[in-house]
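Take your time with each answer.

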Amino acid sequence: MNRYLKLVHMEIHRFRYVLGSLMGITMIFQISALIWQVNSKLSMDRETAKQFPESLFSQISFHEIVFSIQFWFIIPILVSIAVLSLYVFLIWYRDWFGRNTFIYRLLMLPTARRHIYLAKLTAILTFVFSLVAFQLLLLVIEKLIFNMIVPADRIQSSHFSDVIAANQAFKELIPRAFDQFVFSYGLGIMALIIIFTAILIERSYRMVGIVYAALYVFVCVFAVVFPLLSLGIDRSNAYLYPEEIFGIVFGICAVLLAASVWLGFRLLSKKIAV
Amino acid sequence: MKRYLLSVILGVFIVVGIGAYYVNGAMDRLPEYKLSTLEGNPDEAQMVKLSGSYGGRMLWESLTVDTDGSIYRKDRSEFAKSLFNNQSWKFRDSDMKALKKEHRNFMRGKGLMDSFYKDEEWLIYAEGIVHRNNNSMLDANLKIDLLNEKTGNVTQYRVDISDEANYSWIDILDVQRVDDQIHLLVRQHVEASSELHDYVVDLKSGQLIRNEMLNHGIRSGENEELNLFAITNEIRSKPGEFVVLSVRKDRRTKESSNSYRLDSVSEDLFSYSYKTGKLNELLIYKNKNKLEDDSNDFTLNGNILSNLRNNTNAITLSRYDLSLDQKLEGITSLSAQQLGADDIGSLRLSQNRVYVLLRKDSIPQLAVLDTATGTVLYKGQATYEGPASNSEEQMKNLRLLNIDVQS
Amino acid sequence: MIEVKNMSKSYLRRHVLKDVSFTAEKGQITCLIGINGAGKSTILKSIMGLSPIKKGQILVDGQPLDKLTYEKVAFIPDHLTMPLGMKLAEGLQFMADFYTNWEPSRAEELMDFFQLDALEKIGNMSKGTAAKYNLVLGLAQKTEYVLMDEPFSGIDLFSRELIAEVFSSHLIEDRGVLLTTHEIGEIEQLIDKAVIMQKGTIVREFNCEEVRSAEGKSIVDVMREVYRS
């Protein structure tokens, strides 16, 4: 197996407990909120039934329950986002700091150093997407649990797209349209690559590097945002047509992406210091 | 390989999980509907799209239904939608779309629909520009771009229309061409009031030939204000001899120290002929509409001014020929029942057709009427494309609210 | 042969290394000697491409540094460079995964020799054990050269004896060794060539045997000359 994939595996392996814990936290929060919510609703109905034996109860659908406990669903998602965001930095800095500096070993591996960069990038993306996939799996499991604890005659069927629509975070993180998924995560990957390169700038030039890195990030953000703001995407009398403005922005993104990756590779192979 | 199991599992998990979600999403088909002919000529409904939503899910799903079937918004690309949504109002109109396609460079930066004029020879765009000059007076200019469609030559004129009145801003309401003269209908604002002018510019030289103020003769009293509007030719890419001006008088009633209420007092319509320069009050509409309900809609199509109203579930269309100065045949109180339905949802007048969205037993129907006679040329209704056993339930989930006619 | 030619390096306008040139031959033990901060470690790091140089050239067997150099030269830094969470065995596996020149049998032999427990966690090792494990990682690679940064500093006496024993064993024999130290002590007998550094420059480079027989001086005598002058 080639060394890049071995490095990816190594990075995943190092994070396995954290990733597992994030999944665990998500599962515990969501499933307990679900069971608690369903039970409290059912017991409330039972109370009512005791007092008014004639009452009829409405049906319960999974997506309505998910909607009513959005908050408890979102919390572990936010925790995961926070942890992963932090790890974007830690995945590099943990190799420099501490009692032993693994970066010595990594840089001395008989393989192109860009593999280290790509492996860390792949690892972060693997974590992100595995949490996304886990959430999807969890929703299937949660629906099964829901079907088990709610009496069959009270279950109103609900469609999977309704469950996604029931939670604000799902709508953003697992959008219904695939092209939006590609677009959002593409933008995320670009941001990730820019941050990686900024980290490598700092690692290469240290104190002065912090200034360079901040400047680099600023320039990147500005280069993307400025044409959107200045070319009048929302003005009907803008000289350029919207599709042209987006074309320009896409072009800029492609250039930034290529430049960031190239700079990252170059710093790693020529400038980096342990 | 066994050592790498964790990574392999995660990789497969990601691909299968996210893949299954999107495959499942793409295969998630919402019910299909179609506009089916009940009677008449199906060609009449060819250009019509009915839009509304499907309510069988937790969130309403927007869709359009036409004679070919139905299209849900979710199935159109979300991303492309948001990408080209900006400015879309500008190019939604099929006229504008065609112009953009044909004259991409000339159309750049030109955003105001009413500022365009088009015929077989010329494409003209005018813009009013007001800026403060060195003497801190306001300079008013008309910027006119002309495209000769035969040669492709672009000419630009700039006409100074500043005078002592010191206009604070100017709007172009209409642009027309009469032989070698360009007519620009301009609304100019001076302090709290506004005026309408017809500026006539020589097509060949760009010189201002004359400046005609359109004197409608209506004065505003104390605590009253006049609002001027223009009803221009329905199809922007077709020349028209006339424009209809609407002068609405509003009364201000002070409600508190810093807010007041406006009530419409009267509304008068005038026709103006660019060719003759004649301003003619349309007495048949004098103060008429304000007594009736609000849902009235004037449309100018060539020489014919139409007024379409939905009054207590009945359609009334009055038509007036501006060049002959006489009333034409129209439709009088055609009720939903007469059209074989329970109620009228919405109306749309386009060219010489009236499109009526009806509901019968809460099922949407479409009727296409001839403007002159009120004859039903087409009638159709939304149908569910699927097993008949679900039909009744699925029809309950369909709500259609708007008519869009692609001319 | 490892050749360092006119190497210069500065950090924040301060010279860390200035015009450093020397060679380390295969089959010899070359020792960079100097007090702390003289720039010894920086030289080793630069040879391994872990610290960019401003000027100069580094050649290994006439070739500039590239990824294949890491199969040819092993570096044993003055501290462990393996993640703390790994077990010793996992660390060896990691090396075996990435280096084609890794020799598992040699690693096993070294682990036995140093009496290291493969199931122990790297983070739990004492400093002495860590230094021994570090040697295992470096020496179990079948490289032509080994660089060692302060292999004896801060280690107990018995461990030092064990490590010194390795130096005279078949594990070192044919290789070129370049090591740094600030205290010459028990390895004086082992060294073939000494390079004495001071404030980022090289002040003496000499063959120990020659100096011993021609001038009757030990390395420490030469050092004394250098630092007292």
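Q: What is the bridge partner of C:Ile33 in strand 8 of chain C?

A: The bridge partner of C:Ile33 is C:Thr181. This is a predicted model, where local features need pLDDT of at least 70, side-chain atom pairs count only at pLDDT 80 or more, and totals for chains, interfaces and linings use all residues. Residues are numbered from 1 along each chain as its sequence is written, chains are lettered from A and ligands numbered from 1 in the order in which they are written, and side-chain values use heavy atoms, without hydrogens and water.

Q: How do you know that strand 3 and strand 8 of chain C pair?

A: Two strands pair if DSSP finds at least two bridges between them. Five bridges join strand 3 (residues 29-33) of chain C to strand 8 of chain C, and the two run parallel, so they pair. Strands here are DSSP runs of E with at least two residues, and helices are runs of H or I with at least four, numbered from the N terminus.

Q: What makes strand 8 of chain C mostly covered?

A: Buried means under 20% relative accessible area, exposed over 50%, and partly exposed in between (1.4 Å probe, protein chains only). In strand 8 (residues 176-181) of chain C, six of its six residues are buried. C:Gly176, C:Leu178 and C:Thr180 point one way, while C:Val177, C:Leu179 and C:Thr181 point the other way.

Q: How many helices and strands does chain C have, and why is chain C called as compact as a globular protein of that length?

A: Chain C has eight helices and ten strands. Its radius of gyration, taken over C-alpha atoms, is 17 Å, close to the 17 Å that the globule rule gives for 229 residues, so chain C is as compact as a globular protein of that length. The globule rule is 2.2 Å times the number of residues to the power 0.38.
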